Structures are given as structure tokens and as C-alpha cells.
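I set out each look-up in turn.

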Amino acid sequence: MNLNGIDDTPKMSWWSRLAHPGQFLSWTRPLIWPLAALTLVLMLVGLWFAFFNSPADYQMGDTVRIMYVHVPTAWLSQFVYAAMSVSALGTLVWRHPLADVSMKAAAPLGAAFTAMALFTGSMWGRPTWGTFWEWDGRMTSTLILLFIYLGIIALWRAFDDQLRAARVVAVFTLVGAVNVPIIKFSVDWWSTLHQPASVFRADGPTMPGSLLTPLFVMFFAFTLLFVTLQLLAMHTEIRRRRLITLERRAAQGDAL
Amino acid sequence: MIGLGEHAEFIIAAYAGVFIGLGLLIGRIVYDSRRVRARLEALGDRRG
Amino acid sequence: MSGFLGVLQRELRLNLSGGGEVLTLVLFFIIVGAIVPFAIGPDQVLLASIAPGIIWIAAFLAMLLGLDRLFRPDRDDGTLALYRLADMSMAGVVAAKVIAHWLTTALPLIIASPFLAMILAMDGPTFARTALSLLLGTPALAAFGAFGAAVTVAIRRGGLLAPILIAPLCVPVLIFGVGAIAPLGGPDQASSAMLFLAALSLMALALSPFAAALAIDWGEE
Amino acid sequence: MTQGQVQHRINLKTQALACGRGDAVLVADLSLEVAAGSALLLRGPNGAGKSTLLLTLAGLLRPISGTLVFEGADPEAGPFIHHCGHKNAVRPRLTVLETLRFWADLNGSGPLPPAAALERVGLARTARVDAGYLSAGQQRRLVLARLLVSPRPVWLLDEPSAALDAAGRELMAALLVDHLESGGLAVIATHDDIALPGAATLTLGAEA
């Protein structure tokens, strides 16, 4: 607690100028359409590769094509959490106003990608393992990650005051980030205990190049898609906050 | 399109699921963005 | 230090005096454990094999149930504001509360667990391991629980949210807790699970007071 | 019976302080100075921001802008502020003496033992009674005893005289006079007249 002199005079560096939500809005707004176009192109190229220009795997057959959507969404489910944790640090340590916004925008995206990773995983699992759901280490820890995402979204929604919410959610996100590796470790330990060891490693380094090309294209397409959506959602959130302020001011004006 | 082998339905379901999901996600974010912008404009904010 | 003891003493006094909350939680624990055989049938062999899991689940649920009384009454009556201006850190307050919470919820459950072990057809050595794993694992549940309660204390109707937030974080505790009892992977696995469980409890106890204090301070500010 | 101890001298200064809840500003551009040994009475209609200002001064709410300094405060010496809000922080299940002992443990105890403080605020006979049986005015007296068991130079009191009877108000005024004489500082939000010679008055929300 800093009682002996609270000084909030802003230091004007490029950092704090970028931190200003209005500046951020006007600087990144021109990026949205090019990013969206690039995402679309990469996605189409990736789909073309995935369906027309890649062979079936000699072991898994055509089901390997599910990998081109499964691996990118599974990657994003973790990458979005990492992005959220960095934003949470921004909120806690630097009290960066954009960090709050970024955290809030990322949570539903992360939950959606995690849900997609689980869905494609089970679609892959049915032909490969013969069951939609297998309690293997990766599926299980992804499911728990989804629960954490949903908890964070519920926490955001439960607060009335978004500034307060941001700090509390930031603490929770970071505690979650510390816990995710522990959860992963414990779940791996548990699943090897209960069933014969690991099934297969599709993303291992031994994959032939013909499978890697579509995978990389899709990987970048999905990552760019996340970046685009994240920017757009951040813009909306900044505007929403401005809207709330304006509405409140209007209401106060009426009251006076 | 090439044949998808014996498990075609799962491959199609996976892709359809992901792209329907993405569609819903994009739709929600774009709709939200439009709505907030429209309300801002209604309040007379010109900064976009 | 006198502040720490003061908080501890007050929590114990409040939880043990008259209110009967402690007995209610123990009753809940026993009823949850006793209701399982009705759902899966009175097969002694089956019951004995899943008894460690049942006891852990019942303890887990009972501890989640008691979370809401950890900080909310203090927030409602203004004591939380007092803590923030007290001559001790908020982390110290939380640590005292975690200890009191463990003493008034987990310890009674462990004391009551022989009854569940008996009706769930557990044998002696298994029960000994169960008691040990509960003893080592419940501090982590108390610590995580205090963190969940701290995160949701500023929310008016946060009572249901805390268990939802905390349950995923408690998965490792359940895994190692049950893993330390059921010798699925042989005795080696069970003893390493016991060590993991102890490590988890130590880490949670050391870190959660600070995280919870941060959440309380910033949720109230 | 006075507190018999000279307080650490602390002056309160604010400059262009704005405070409120969330980002809704309730009190704007407030510059005030309260010197050690003097008191400031906050007045104003409901909703003018008296409680919010007190919470901000106590450091329980973050100021929206401006500066807030307690001159002469030693950050090493621990907290130096008593804040008494609307809520009494009294739990029904604990006895009066237990409650006060807990506060003394929490805030650091001074020369005055809890039992003597209870006597000073006229609650000596209820010491063994559950705090839940106290009337609203008696609970308020118990809160005053909290100020006595842990000497701190800055008192921020929110409606301290609410629910107090005439004798209780006299008692409160006497405690305040003792506190100021020993070099303490007080900011009091109130609707009642408190007999404090030489106290400045600040009226919030007058223009609204």
C-alpha cells in the first residue's frame, strides 16, 4: 500500500503512448483487414493442401487429415493461455490499461479453440482408438484447461466493476498458469498408471514433409486468425468501456 | 475432391465442426463490434 | 505474531462455538460417502476397490462446501476492511485462516473417515494409507480453497463460483491423493504419489496466502 | 483519564484529489490540509462522497487522480490509520471482551488494556456478554474502544455518532478532544453536531 505519496503522472514513452487505448485503436485499426485477408488466403491454401495435395498416412490413413485442424487448435488452446498470462502480468505489474482489455478479449477465444481441439481430438480418436473419448494425458489436460477457461469467463461476468475484475482475474490467471504444468504432469502420471503407455505421437519429428506443409500452413492460418480476432475483440472492448463511461456521464447529466 | 477413405464421416465432421465453430466465433465478435460501434455513434462519439 | 494468533483464535472460536457448521460438514461427508453404495450396489469387492476415490471425493466436496464462510462473513460485517489496515499483512491473515479452515473442516473429516472406511469395506492397511493421504493432501485443498474464496469474495453472489474455479486446480490433489492409496502401479507408485502429494501441499500452503491476499486487496480496492 | 501518550505527529495533505468508485468520480479536485492536533468535519448530503473520501484517505480505495500524503508518517512503524466505517465488524458469537482483544491483537496493542478501554467507553459491565446482545449504540461504543486499545495518530471516522445517545456523544467528543490534544489527527464524516472546538468543516456536494 502506497500511502505516502501517490503519484500517477504519466511518463510519455512510446510504451505509454501505445498503452493509451485511443492510440492503440487508431494505430491497429488499419491492420484488421489485411490480417483478415491474409488469414483467409492461408486458410484456403491450407485446406487445399489438406484435402487435395497431401497423402494419406501409411498407418492412420486419411484420418491424418484431421490433424491439420486438431494440432493448430490444440496449439492455440495453450498459446492463448500464455498470451492471457502475459497480459495478466501486464495488469498486475505495470497496470497497463490494454492488458486488461487483452485478457478479457482472449478468454472466450481460448475457450473456443480449446473446445475445438477437444472436438477434433475425439473425432480423430473414434477411428484411431475406437472411442470418442479416451482418458489419455493430453485429452484430459485439455479438458481441464477448458474448465479453467470457462471459470475465467464466469469470473469476468460475475463482476460489475471491470477494473476490479481485471485485477482479480489476473491473479487467478497467473495461479492457473502456475498450475497448468502441475495438472499436465499429474494427469500424465495418472493416465500412464491406468492404461498401457502412450498411443501415438502424431506431432513427432519423424513426419514426412508432405504432411508437414499443410500442417504449417494451417498452423499459421489459425494463429493469424487468433491475432485478428483478438485485435477486433480488443477494439470492441475498448469501445465498450468508452460507451459505459459515456452512458454513465449521460445518466449523471440527467440526474443533475 | 479425393476420396477420404473409410473414415470420411469423422474427417468431414471434424472440419465441419471446426469451421462452424469458427463461424460462430467470428460472427459473435463481429456482431458485438458492430453493436457497440452503433451504440457509440448513437451517443455522438466521433472517434469510432 | 500476536495478530496471527489472534486471527487463528478468533476463527477457531467462531467455527467451533455453537454454530454446528463443523458437524454439518462431517455429516455431509459421511452422507456423500454412504450414498454411493445405493447408486452402484452393495458389492463388497467393487466398493472396496473404489472406496479411496469415494472418500476423497466426499472430502473434496465437503471442503468446497465450507469455502463460502471463509471470507464472506468478514467482508459483510466490515472485518475485512479492518484486516487491510491491520498491523499484519493480509497474507498473514489468510495463512491463519487457512490453518483454522483446515483444523475445523479437514481434521474432523479425517477423524470421521474410519466410519466411511468401515461401511465401504476397506481393509486395515488401505485405510491407514487413506488417512495418511488425506492428512497430506487436504492442506492443499484448504489452501486452494482459500484462494478461490478470496477471488470471489468481492462478488455479491460468488458462493457457487469458488468451487467451479477451484475444482480444476484441485485435480492434481485428487490424482495423487487417490494414487497414494490404490496400488494400481504397485507400491513404488503409491509412495511416489504420497511424496508428490506432500510437495503439492507444501507449495500450495506457501504460495496461496500471497495470491489470496493479492486477490482480496485488489478486489476490494 | 487521558490517553497519556503523545502521538506521532502526522499532517494530512491532499492536492487535486479526485476519488470515487470505479471510474465514477464523486469528489473532484479536493485540496485540503489537516495538521496534527486538529480535526476536520466532513458534511454534506447523502451520496456526496463522504464515505468514499474517507475510504480513499484510509488507502482502502485508490484515488482516481491527484496526490495524498501523510507527512511525517514512518512507513516502517506499521499502519497509522484507524478507519471506522458504517459496519462495526462485531460478530455476535464472540463476547465483547474477546472482540476487543482480537482488535488489539490485530492492530497492535498500546498501553491501555482492553478491559480498561471497555470501562472508558462504559461497557465494563457487558464484557462477558456475547457482542450480539449489544444494542446498536453499545456496538458503536465498542468500536470507539477499538480506537483506544491501539493508539494510532490518524482517525478516520464515518458517522461515529450514529445510534449513540447523548451520553455517548459526549463520550465520543471527549475521546476526540483527548486524541487531538495528544497530537492526533481526525477526519469525521457526520450529520450531527459534534462539540469539537476549533474543528474545521468541509461541506461536500454543496453545489449539486
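Which residues of chain C does the UniProt annotation "transmembrane region" cover? I found that this annotation, from an unreviewed entry, covers residues 21-40, 46-67, 102-122, 134-155, 161-182 and 194-216 of chain C. UniProt positions are given in the numbering used here, feature names are shortened, and annotations may be inferred rather than shown by experiment.

Conventions. I note that this is a predicted model, in which local features need pLDDT of at least 70 and side-chain atom pairs count only at pLDDT 80 or more, while totals for chains, interfaces and linings use all residues. Residues are numbered from 1 along each chain as its sequence is written, and chains are lettered from A and ligands numbered from 1 in the order in which they are written.

Annotated segments. Helices (H or I, at least four residues) and strands (E, at least two) are DSSP runs, numbered from the N terminus. Residues 194-216 of chain C are 100% helix and 0% strand, and their end C-alpha atoms are 32 Å apart. For chain B, the unreviewed UniProt entry lists residues 12-31 as "transmembrane region". That stretch of chain B is 100% helix and 0% strand, with 28 Å between its end C-alpha atoms.

Helix pair in chain C. I examined α3(C) (residues 44-65) and α7(C) (residues 124-152), whose axes come within 11 Å and cross at roughly 30°. Axes are lines fitted to C-alpha atoms, for helices over the stretch in contact, and angles run from 0 to 180 degrees between N-to-C directions. The two helices are therefore roughly parallel to each other (angles under 35 degrees). Among the residues in contact (C-beta atoms, placed from the backbone, within 7 Å), I recorded Pro52(C), Ile55(C) and Phe60(C) of α3(C), and Leu134(C), Leu141(C) and Gly145(C) of α7(C). By class, this contact has 9 nonpolar, 3 polar and no charged residues. Ala, Val, Leu, Ile, Met, Phe, Trp, Tyr, Cys and Pro count as nonpolar, Asp, Glu, Lys and Arg as charged, and the others, Gly among them, as polar.

Chains A and B. I noted that the contact takes 32 residues from chain A and 25 residues from chain B. On the side of chain A, the largest share, 12 residues, comes from α8(A). The residues of that side divide into 18 nonpolar, 7 polar and 7 charged.

How values were computed: Angles under 35 degrees count as roughly parallel, over 145 as roughly antiparallel, 65 to 115 as roughly perpendicular and the rest as oblique. Two residues are in contact if their C-beta atoms, placed from the backbone, lie within 7 Å.
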